[in-house]
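These are my notebook entries on a single protein chain. I looked up its helices, its sheet and its charged pairs in turn.

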Amino acid sequence: PIPWKQLTPSPEFTVGVLWDDIMVHPHPPVQRAMREAVAKMTSAGIAMKDWQPYKHAHGMRIINDLFYPDGAAAQLAALEASGEPWLPLTKEAFTRARKMTAAETWTVNLEREAYRTEYRMLMKEQGVDFILCPAYLGVAAEPNEARYSAYTAIWNILDMPGVVFPTGLKVDPDLDGIETDYKPRSAQDEFEYRAYAPEKFVDAPIGLQLVCLLHVAPLPDRSI
């Protein structure tokens, strides 16, 4: 236990805006919510600047390794014993897992620590205290249809606290039509792009996410 700290609110901070993680493109309702949030925060006098995602694919490769270093063998055995079916997001995670030796696990742990330090130092260099970003590529997915987790999982691997909050906005087919001219970047991006249909999500609430930089000392130089 530690004493409760009463903080004094201050407008002296900068919010980085991560519009897109460059792996899977957010759906139109989330894009609209991001634009409106940025406009309101700017009008309130909050300093805003665009934030380019730093090596998020690299970070997700690390987290896929460290979530299931035994290649998800323990989880697969439990599923087989229970007779429960795989949910799509579970299958997506398990099929990305690889079985590692103890030495390989330690190597990935060092990669994780280096990535955390790089990301934090980059935020400090650019004067970014918070990152505003999507919490998911769209609004809540249809039951059993969620497959993409990187908009939240990346902050797990970076050990940065985040909060998902309601925007008060809802999906409106007149405002959130399909981007007919969008060119998907990958098979995964195309799958998620084609999963969006505004009529399926009418009036669904739209949430966003705010992530905070933890001010910690950089790691010592392990090359010595």
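**Entry 1**

I began with His 58, which I found in helix α2. The model is a predicted one, and I read every entry below with that in mind.

**Entry 1. Helix α2**

I next compared the length of α2 with expectation. Twelve residues at 1.5 Å a residue should span 16 Å, and the end C-alpha atoms of α2 are 16 Å apart, so the two values agree. I then listed the buried residues of α2, which are His 56, Gly 59, Met 60, Ile 62, Ile 63, Asn 64 and Asp 65. What covers these buried residues? I found that the cover includes α4, α5 and α6.

**Entry 2. Helix α5**

I repeated the length check on α5. Its 24 residues should span 34 Å at 1.5 Å a residue, and I read 35 Å between its end C-alpha atoms, which agrees. Among the buried residues of α5 I noted Thr 105, Val 108, Arg 112, Tyr 115, Tyr 119 and Met 123. The buried residues of α5 are covered by elements including α2, β3 and α6. Just after α5, I found Gly 127 with a positive phi of about 70°.

I turned to the charged side chains. Side chains of opposite charge can pair when their charged atoms come close. How many salt bridges does the count give? The count comes to 13 salt bridges.

I looked up Glu 118 and found it in a salt bridge with Lys 55, the closest N and O atoms being 3.1 Å apart. This pair links distant parts of the chain, since Glu 118 belongs to helix α5 (residues 102-125) and Lys 55 to the loop between β2 and α2, 63 residues apart. I recorded Glu 118 as partly exposed at a relative accessible area of 32%, and Lys 55 likewise as partly exposed at 34%.

I then examined Asp 65 and Arg 98, whose side chains form a salt bridge with an N to O distance of 3.0 Å. The two residues lie 33 apart in the chain, Asp 65 in helix α2 and Arg 98 in the loop between α4 (88-96) and α5. Asp 65 counts as buried at 3% relative accessibility, whereas Arg 98 counts as partly exposed at 34%. I also noted that Asp 65 and Arg 98 belong, with Arg 61 and Glu 111, to a network of salt bridges.

An α-helix has 3.6 residues a turn, so residues three or four places apart point the same way. I recorded Glu 190 as partly exposed at 32% relative accessible area and Arg 194 as exposed at 57%.

**Entry 3. The sheet**

I finished with the strands. In what order do the five strands lie? They form an open sheet in the order β2-β1-β3-β5-β4, with mixed pairing. The edge strands, each pairing on one side only, are β2 and β4 (162-170). From one strand to the next I recorded an average twist of 30°.

Strand β1 (residues 14-17) runs parallel to strand β3 (residues 130-134), and three bridges join them. Val 15 stands opposite Phe 130 in β3. I noted that helix α6 (residues 150-158) packs on the sheet and touches β3 and β5 (205-212), its direction making about 20° with that of β5.

I then looked up the pairing of β1 with β2, and found four bridges between these parallel strands. The bridge partner of Val 17 in β2 is Asp 50. The chain passes from β1 through helix α1 (residues 28-43) to β2, and I recorded this β-α-β crossover as right-handed.

Key:
Residues numbered from 1 in each chain as written. Predicted model: local features only at pLDDT ≥ 70, side-chain atom pairs only at ≥ 80, totals over all residues. Heavy atoms only, no water. Salt bridge = Lys/Arg side-chain N within 4 Å of Asp/Glu carboxyl O. Buried < 20%, exposed > 50% of the residue type's maximum accessible area, 1.4 Å probe, protein only. Pairing = 2+ DSSP bridges. Axes fitted to C-alpha atoms, helices over the stretch in contact; angles between N-to-C directions. Contact = heavy atoms within 4.5 Å. Right-handed = clockwise from strand over helix to strand, strands pointing away. Expected span 1.5 Å × (residues − 1).
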